[in-house]
Amino acid sequence: MSENYIVSARKYRPTTFSTVVGQQALTHTLKTAIASHRLAHAYLFCGPRGVGKTTCARIFAKAINCEHLTPDGEPCNECESCRAFNEQRSYNIVELDAASNNSVDDIRGITDQVRIPPQVGRYRVFIIDEVHMLSTAAFNAFLKTLEEPPEYAIFILATTEKQKIIPTILSRCQIYDFNRIRVPDIVKQLQYISKDRGVEAEPAALNVIAEKADGAMRDALSIFDQVSASSEGHITYQSAIDNLNVLDYDYYFRLDEAFLRSDVPAALLLYKEIRDKGFDSQFFINGLAQHMRNLMVASNAATVKLLEMNDDIAQRFVQESAKFAPAFYYRAMDLCNYCDLNYRDASNKIFIVELTLIKICQLITAPLPPTGGSPTKLKKVQPAAAPQPAAASQPTASAHSVQPRPVASAPAPAPAPQPRPVAAAAPRPMGHHPQAAIKTPHIYINNQAAAQAERAAAQGQVQMPASTARREKFTPEQLLAAWQGYIDANPSKKLVIQTMRGATPKRIDDETYEITVNDAQIEFMTSAMSNILAYLRNTVKNDMLAINVKRGETGPAPKMWTDREIVDDLRRHHPEMDDIIKDWGLGLA
């Protein structure tokens, strides 16, 4: 007959302080208190579920009654007290589950038992689990006993919600806060257990289990048993993610490649593939936000230690993060967060996720908003010492004109002077400012793309615009006058100018200002800021001017104008409206 199976959470429950996972500092403090005989009469163990609160309470109760402690402060497991504890027949340890025994009568039962001294050992230990579930009357009935117990009585209270315990109880206890168990610590324990159980497990699979446990060792052991049972003794990464309904890292890394290429169709098709596998869209967007966060911390050697995963996967994140600039991660995380916040209220939930993916795809190659101003001049490309055949087709720019001239491939007799024909205007690229005479170069968030463009320019392959940025000094008063000028020049943009009237730019430094708006105004003001900046920069003749749009706790909500107010505003800014109204006999009903 085969041996009865015991779940891992019970079989591998720690019996000594040294086997408690992830709480080394706390267990060291408890062992020191036992060795120095400095024991308090009441302790409060608090922290998340499954991190070892009740386990440590039992080990502590066992150790203080042990007759022959080991040199490192562990119970010997050989004396009568330790054997009675291990065989669950010790009368010195009383446990109460306050989740189901939370009445005054239950607490009175504990206080009655406090009067009975220990028959074996020195202390009687009362462990009350989930103590925050006690009723207010039960707490009050417990106060006097907790404050003045007999010298042989020690209380250990355990809870996951310390904030629910009344202050009069907290003030009578020594409080120990248990930490969430780190992923590497959980993985290390799972490797030991899998070896002991004779189960083969891939490190990546154990890492998935540890992340799914969210810092709880007990949850990790339960998940390990679940995956092990379905994997028939061989836990692979694929079997782990299939059993736990976890989205594979590879999907997000494939999305990175689509973002890098600004490949919108590839990103949308990949999102459809994820939906077809049954994954929730909000689950996916939260996973994408976490993925971007992991790439961000992996991009810096100082923060890479924040990655709670095994070394192989962490190294992959480090390599992938080198493909993007930090600004990409910041903006991508912001877009994912915005999508998550608005997902519940969206009428078309798939559309809002697809729109987020499209915006992230455009972060790499989207040009910065044009600032207007005079046409950009071109640097003159110096001819090489030995002309190459390809150089004949490269355009050059005159030092006195912005019009490019063809470079002759060979000397030729000077022709008779002819009037220079006027070149037809090239079609203006869509989305560029009407004042731009030539195509404004793309400014990439991706540092590698910019570096490649600069290297190509240095080799004479393309012409780079010379720096003609205006940077005249201006005063805050001049900026406010330009700000008012934009308001006066655009009376039809009701929401924007109403917001501008209530949001005065605040000076940060000589060229940086800031406005504060509310939640209802943040989106349209962010969208309109490129046009506002173009006007302001032209007015103050400084292309370095920047205005940040900040979300404030409170801000003036946009006022809804009546028809009369709209007409009066038009007449105030356009006096000729009076003649039109008079000639046509117009009026408001």
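Leaving aside neighbours within four places in sequence, His-291 is in contact with Tyr-252, Phe-253, Asp-256 and Phe-317, where contact means heavy atoms within 4.5 Å. The model is predicted, so that local features need pLDDT of at least 70 and side-chain atom pairs count only at pLDDT 80 or more, whereas totals for chains, interfaces and linings use all residues. Residues are numbered from 1 along each chain as its sequence is written, and side-chain values use heavy atoms, with hydrogens and water left out.

**Overall composition**

- The protein has 23 helices and 12 strands; helices (H or I, at least four residues) and strands (E, at least two) are DSSP runs, numbered from the N terminus.
- Of the 589 residues in the protein, 38% are buried; buried means under 20% relative accessible area, exposed over 50%, and partly exposed in between (1.4 Å probe, protein chains only).
- Among contacts with a separation of 6 or more, 73% are between residues 24 or more positions apart.

- His-291 lies in helix H14 (residues 281–298) and counts as buried, at 2% relative accessibility.
- Two packed helices are described by the angle between their axes and the distance between the axes.
- H14 packs with helix H16 (residues 326–343) at an angle of about 160 degrees, and their axes are 9 Å apart; axes are lines fitted to C-alpha atoms, for helices over the stretch in contact, and angles run from 0 to 180 degrees between N-to-C directions.
- H14 and H16 are therefore roughly antiparallel to each other; angles under 35 degrees count as roughly parallel, over 145 as roughly antiparallel, 65 to 115 as roughly perpendicular and the rest as oblique.
- H14 and H16 cross in a left-handed sense, a term used if the near helix is turned anticlockwise from the far one by less than a right angle, with right-handed used if clockwise.
- On the H14 side, the residues that make the contact include Ile-285, Leu-288, Ala-289, Met-292 and Met-296; on the H16 side they include Phe-328, Tyr-329, Met-333, Cys-336 and Tyr-343.
- By class, the contact of H14 with H16 has 14 nonpolar, three polar and two charged residues; Ala, Val, Leu, Ile, Met, Phe, Trp, Tyr, Cys and Pro count as nonpolar, Asp, Glu, Lys and Arg as charged, and the others, Gly among them, as polar.

**The pairing of H12 with H13**

- The axes of H12 and H13 come within 9 Å and cross at roughly 160 degrees; the two helices are therefore roughly antiparallel to each other.
- The crossing in which H12 passes H13 is left-handed.
- H12 contributes Tyr-251, Arg-254, Leu-255, Ala-258, Phe-259 and Arg-261 to the contact, and H13 contributes Ala-266, Ala-267, Leu-270, Glu-273 and Ile-274.
- Eight nonpolar, no polar and three charged residues form the contact of H12 with H13.

**Salt bridges**

- The structure holds 24 salt bridges, each defined as a side-chain nitrogen of Lys or Arg within 4 Å of a carboxyl oxygen of Asp or Glu.
- Glu-273 forms a salt bridge with Arg-254, and the closest N and O atoms are 3.3 Å apart.
- This pair links distant parts of the chain, with Glu-273 in helix H13 (residues 264–276) and Arg-254 in helix H12 (residues 249–261), 19 residues apart.
- Both partners are partly exposed: Glu-273 has a relative accessible area of 30%, and Arg-254 is at 42% relative accessibility.
- Arg-261 and Asp-263 also meet through their side chains in a salt bridge (3.3 Å, N to O); Asp-263 is partly exposed, with a relative accessible area of 23%.
- A salt bridge of 2.8 Å, N to O, joins the side chains of Glu-511 and Arg-471.
- Glu-511 lies in the loop between strand E10 (506–507) and strand E11 (512–517) and Arg-471 in the loop between helix H18 (447–458) and helix H19 (476–489), so the pair ties together parts that are 40 residues apart in sequence.
- Glu-511 is buried, with a relative accessible area of 15%, whereas Arg-471 counts as exposed at 56% relative accessibility.

**Helix H11**

- Tyr-237, Ser-239, Ala-240, Ile-241 and Leu-244 are buried in helix H11 (residues 237–244).
- The buried residues of H11 pack against helix H9 (203–213), helix H10 (217–231), strand E7 (234–235) and H12.
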